[in-house]
Amino acid sequence: MAFPPVTGGLAAATPQTVHKVDPPDYLFAVKEAARWIGASAQVSGEGVHWLIEPDHPELPQTASKQLVIYNGSAGVVLFLLQLAKATGDNSYREQATKGADYLAAHWKDLSGAGANGPSGSSFSLYNGLAGIAFTLAETWKWTKDARYRDAALEVTGFIAKSVRPAGSGVTWTGTSGLSSGDTGVILYLLYAASTFQDDSYRAVAAQAGGHILELAEKDPRGGLRWFGLGDGRGATGRAGGRGGGNGANRTYFPNFELGTAGVAYGLARLYAETKDVRFLDGARQGALHLQKIATVRGDSALVYYREPDLTNLYYLGFCHGPSGTARLFYELYTATKDRECLDWTERLARGITHSGIPEEQTPGFWYVDCQCCGLAGVTDFFLGLWAATRKPEYLAFARRVVEQTLTRATSFDGAGYRWYQAWTRIRPWVVNAETGYMLGAAGIAASALHLHLADERRYEAILFPDNPFPNTVRA
C-alpha cells in the first residue's frame with residue numbers, strides 16, 4: 001500500500017505551462033531560472049536586491065526589500081554563487097557579489113528593527129541576521145574577497161554580543177526552533193567558529209544550548225520534546241490555527257524545522273563541537289521521542305505533521321517532513337557511529353520513496369516545488385544521502401524528482417523559468433511564483449544544479465548549517 005495515501009485535487013487544477021525535455025537538460029533549466037530571477041533585480045549604488053514576487057511588485061513583502069535566506073536576496077546570492085562556480089560564467093558571480101554588497105550595506109536594517117532593537121526572529125538563520133552572516137561568509141569563501149569576510153564578522157560579532165540571560169544560559173529569540181529560533185543561531189555560530197577560527201562563538205553557542213536543554217519537556221510516550229514556536233506558550237502553524245493553553249490543546253510540531261527534530265539536531269551538532277555529553281543526551285532523547293511517535297510500516301517510517309489535530313497528515317519535504325527530520329538521525333550517526341541512527345535515516349527516506357511521489361501527489365505533499373515543503377527539498381535530501389552512502393538508488397530517485405520538477409516549470413512569456421505553486425496548502429487559490437531560495441526559483445534551480453553536478457561527477461553544493469551531509473563528491 002502506498003504510504004501515505006494519494007489524493008487528487010490541486011495538482012490537476014493548477015494551471016501550468018508544461019515542458020517535456022527528453023533527455024532533460026538540467027543546466028539549461030537552471031540558467032533559465034537565473035534569467036527570470038535576474039530580470040527582477042533592483043539596482044542601486046549599494047548593490048542589488050531582487051523582488052520576491054515579480055508578478056506583484058506592489059505587495060508589501062515585495063516592497064520590503066527582504067534580505068533573508070528564506071525568501072529574500074540572501075538566498076538568491078547563494079544560488080548565484082553556486083551557478084557561477086559550476087559554469088565559470090562571471091556574470092553570475094557579478095550578480096552574486098552585487099547582492100552581497102547590498103546585504104553588507106543593509107544588514108543593520110534588521111539589527112535595529114523595532115523601537116527596542118531587533119525582534120527575536122531578526123537573529124535567526126532563515127529569517128534573520130544569522131542567515132545574512134552565513135551568506136556573506138560563503139561569498140567570501142567562494143570569491144576570496146576579504147570585504148565579505150569583514151562584513152560577515154561584523155554581523156557575527158553583533159549576534160554574539162546581543163544575547164540576553166535566560167535560565168542558566170542565554171537566548172536571542174526566546175524560542176528553541178531552528179528556522180526562526182535559537183537553534184538556527186547556534187548552528188550559525190558553530191559554523192562561524194570553524195570558518196573564522198574563533199572559539200568564542202562556540203562558547204556563546206554552548207551557553208544558548210544550555211538554555212535549550214532547560215526548555216525540554218518529558219513526553220509520556222518516551223524521550224524529550226521541544227515546542228519550537230513559543231516552547232509551550234502556543235504556536236501558529238502553517239496549516240492554520242493557533243495553539244495555546246495546556247495539555248492536549250497545545251499545538252506541537254515534531255519535525256524539522258519548527259519542532260523537536262530541528263532542536264535535537266542543534267544539540268547533536270553542539271555535542272560534535274564541544275563533546276559535552278549533556279547535548280548528546282538531549283539529542284538522543286529527542287530522537288527517541290520521534291521514534292516513539294513515528295508511524296512505521298515495514299522498512300519505512302514517517303512522523304506526522306502536528307498534534308493534536310493533524311496526526312494523520314504526513315508532510316514529506318524539509319519543513320515538517322522526513323527530508324528534514326532524517327538530518328537529525330544522520331547527524332547522530334556521524335557523531336556516535338550508532339548504526340541504528342543510519343538505519344532510521346534510511347527508513348525515513350523510504351517513507352518518501354514508498355509514498356508514490358514524485359509522480360503522485362499526497363495530502364501532505366500537494367502541488368509544491370520549493371525547498372521548504374516540496375520537490376526541491378526532497379531532491380537535495382536524496383542527493384545528500386547519495387553523497388553520504390554512494391547508493392545509486394538515492395541518486396536515481398533524485399533524478400526522478402528533478403525530472404518531475406522540470407515539467408512544472410513555466411516560461412509562458414519567454415522571460416525564463418519560474419514555478420507557480422500554492423505553497424501554503426491551506427490557501428490553494430493563492431498561486432504565485434517567487435524568486436527566493438526556500439520558496440522560489442533560486443532554491444528549485446539550485447537542486448537541479450546539484451543534480452547536474454552529481455551526474456557530471458563534480459557534485460558541490462552550498463549546504464546550510466543545518467545540513468549534515470557531504471557537500472562535495474568527486475569521481
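The legends below describe several close-up views of a predicted model.

**View 1. Helix α16 and the helices packed around it.**
Helix α16 covers residues 392–407, and its 16 residues reach 23 Å from the first C-alpha to the last, which is close to the 22 Å expected at 1.5 Å a residue. Its buried residues are Tyr-394, Leu-395, Phe-397, Ala-398, Val-401, Val-402, Thr-405, Leu-406 and Thr-407. An α-helix has 3.6 residues a turn, so residues three or four places apart point the same way.

**View 2. Helix α2 between strands and helices.**
Helix α2, with 13 residues, reaches 18 Å from its first C-alpha to its last, close to the 18 Å expected at 1.5 Å a residue. The residues buried in α2 are Tyr-26, Leu-27, Ala-29, Val-30, Glu-32, Ala-33, Ala-34, Trp-36 and Ile-37. These buried residues pack against the strands β1 (41–44) and β2 (47–50), and also against the helices α4 (73–87), α5 (90–106), α16 and α17.

**View 3. The crossing of helices α9 and α10.**
The axes of α9 (residues 182–195) and α10 come within 8 Å and cross at roughly 155 degrees. An angle over 145 degrees counts as roughly antiparallel, and α9 and α10 are therefore roughly antiparallel to each other. Their crossing is left-handed. On the α9 side the contact is made by Asp-182, Thr-183, Ile-186, Leu-189, Leu-190, Ala-192, Ala-193 and Ser-194, which meet Tyr-201, Arg-202, Val-204, Ala-205, Ala-208, Gly-209 and Ile-212 in α10.

A search of the whole structure finds 27 salt bridges, and one of them joins the side chains of Glu-273 and Arg-202, with 3.0 Å from N to O. This pair links distant parts of the chain, since Glu-273 belongs to helix α11 (residues 260–274) and Arg-202 to helix α10 (residues 199–214), 71 residues apart. Glu-273 counts as partly exposed at 25% relative accessibility, whereas Arg-202, at 17%, counts as buried. Through salt bridges that share partners, Asp-199, Arg-202, Arg-269, Glu-273 and Glu-331 are joined into one network. Arg-202 is also among the α10 residues that meet α9.

**View 4. The salt bridge between Arg-250 and Glu-217.**
Arg-250 and Glu-217 form a salt bridge in which the closest N and O atoms are 2.7 Å apart. Arg-250 lies in the loop between β6 (224–225) and α11, and Glu-217 lies in strand β5 (residues 217–218), so the pair ties together parts that are 33 residues apart in sequence. Arg-250 is buried, with a relative accessible area of 13%, while Glu-217, with 22%, is partly exposed.

The side chains of Arg-221 and Glu-307 meet in a salt bridge with 2.8 Å from N to O. The two residues are 86 residues apart, with Arg-221 in the loop between β5 and β6 and Glu-307 in the loop between β8 (300–302) and α13 (322–336). Arg-221 counts as partly exposed at 36% relative accessibility, and Glu-307 counts as buried at 11%. The peptide bond from Glu-307 to Pro-308 is cis, with omega near 5 degrees, and Pro-308 likewise lies in the loop between β8 and α13.

Most residues other than glycine have a negative phi, and most peptide bonds are trans. The peptide bond from Ile-357 to Pro-358, however, is cis, with omega near 10 degrees, and Pro-358 is found in the loop between α14 and α15. Lys-144, although not a glycine, has a positive phi of about 65 degrees; this lysine is found in the loop between α7 (129–143) and α8 (146–161), where Lys-144 is exposed with a relative accessible area of 66%. His-320 also has a positive phi, near 80 degrees, and its place is in the loop between β8 and α13. His-320 is buried, with a relative accessible area of 0%.

Notes
Residues numbered from 1 in each chain as written. Predicted model: local features only at pLDDT ≥ 70, side-chain atom pairs only at ≥ 80, totals over all residues. Heavy atoms only, no water. Helix = DSSP H or I, 4+ residues; strand = E, 2+ residues; numbered from the N terminus. Expected span 1.5 Å × (residues − 1). Buried < 20%, exposed > 50% of the residue type's maximum accessible area, 1.4 Å probe, protein only. Salt bridge = Lys/Arg side-chain N within 4 Å of Asp/Glu carboxyl O. Contact = heavy atoms within 4.5 Å. Axes fitted to C-alpha atoms, helices over the stretch in contact; angles between N-to-C directions. Parallel < 35°, antiparallel > 145°, perpendicular 65-115°, else oblique. Left-handed = near helix turned anticlockwise from the far one by under 90°.
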